Amino acid sequence: MSLKTERIANMLVREISDILQNEVYDKDIRFVTITAIKVDTDLSLAQVYCTMFNKENKDKCIKELNQAKGFIKTELAKRKLEIRKIPDLRFIYDESIEYG
């Protein structure tokens, strides 16, 4: 990953975590932790890896996150970030923590 995409990924982790904690009112989505983000080199797609407190409802939670990605992208656009175009978000459950 280049320095630019790594910097953008770190910025997106901070901002998406803040949005999920302060702006989203769904209690299932509120306790999601963003572990990593992989951004494509052309900045068109960001794969957001996340874990959650309640692992029994992880499929439902990932589905709700992917449905709320339009709202999250809108909130990111309102925050005047350093990028011109907000990448498309794809939420994926991070299984590396359980594996570790």
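**Figure 1. Overall fold of the predicted model.** Along the sequence, the elements of the protein come in the order α-α-β-β-α-α-β-α. The model is predicted. That pattern comprises five helices and three strands. The radius of gyration is 13 Å, close to the 13 Å that the globule rule gives for 100 residues, so the protein is as compact as a globular protein of that length. The C-alpha trace spans about 35 × 30 × 15 Å along its principal axes. Of the 100 residues, 40% are buried. The accessible surface is about 6,500 Å², and carbon and sulfur atoms account for 50% of this surface. Among contacts between residues at least 6 apart in sequence, 61% join residues at least 24 apart.

**Figure 2. The largest nonpolar core.** This core holds 30 residues. Leu12, Ile16, Leu20, Ile34, Ile37, Leu65 and Leu76 have the most contacts inside the core. Two or more core residues come from each of helix 1 (3-22), strand 1 (32-39), strand 2 (45-52), helix 3 (58-67), helix 4 (69-78) and strand 3 (88-93). Helix 1 supplies the largest share, eight residues. In soluble globular proteins, nonpolar side chains tend to be buried together.

**Figure 3. Surroundings of Leu20.** Leu20 is one of the residues with the most contacts inside the largest nonpolar core. Neighbours within four places in sequence are left aside in this view. Beyond them, Leu20 is in contact with Ile29, Arg30, Val32, Ile34, Leu65 and Ile72. Of these partners, Ile34 and Leu65 are also listed among the core residues with the most contacts.

**Figure 4. The hairpin of strand 1 and strand 2.** The two strands pair in the antiparallel sense over seven bridges. Five residues lie between strand 1 and strand 2 in this hairpin. In the turn, Leu43 has a positive phi of about 60°. Val32 stands opposite Met52 of strand 2, and Lys38 has Gln47 of strand 2 as its bridge partner.

**Figure 5. Strand 2 and its pairing with strand 3.** Strand 2 and strand 3 run parallel and are joined by six bridges. Tyr49 has Ile92 of strand 3 as its bridge partner. Strand 2 also pairs with strand 1, in the antiparallel sense. Strand 2 is mostly covered, with seven of its eight residues buried.

**Figure 6. Buried and exposed sides of helix 3.** Cys61, Ile62, Glu64 and Leu65 are the buried residues of helix 3. They cover an arc of only 160° around the axis, which puts them on the same side of helix 3. Asp59, Lys63 and Gln67 are exposed on the other side of the helix. The buried residues of helix 3 pack against helix 1, helix 2 (27-30), strand 1, strand 2, helix 4 and strand 3.

**Figure 7. The buried side of helix 4.** Ile72, Glu75 and Leu76 of helix 4 are buried. Their arc around the axis is only 100°, which puts these residues on the same side of helix 4. The elements covering the buried residues of helix 4 include helix 1 and strand 3. Within this set, Ile72 is in contact with Leu20, while Leu76 is among the residues with the most contacts inside the largest nonpolar core. Just after helix 4, Lys80 has a positive phi of about 55°.

Technical notes:
Residues are numbered from 1 along each chain as its sequence is written. This is a predicted model: local features need pLDDT of at least 70, side-chain atom pairs count only at pLDDT 80 or more; totals for chains, interfaces and linings use all residues. Side-chain values use heavy atoms; hydrogens and water are left out. A nonpolar core is a set of buried Ala, Val, Leu, Ile, Met, Phe, Trp, Tyr and Cys residues joined through side-chain atoms within 4.5 Å. Buried means under 20% relative accessible area, exposed over 50%, partly exposed in between (1.4 Å probe, protein chains only). Helices (H or I, at least four residues) and strands (E, at least two) are DSSP runs, numbered from the N terminus. Contact means heavy atoms within 4.5 Å. Two strands pair if DSSP finds at least two bridges between them. The arc is that of the directions from the helix axis to the C-beta atoms. The radius of gyration is taken over C-alpha atoms; the globule rule is 2.2 Å times the number of residues to the power 0.38. Accessible areas come from the Shrake-Rupley method with a 1.4 Å probe; for residues, only the protein chains shown count as cover.
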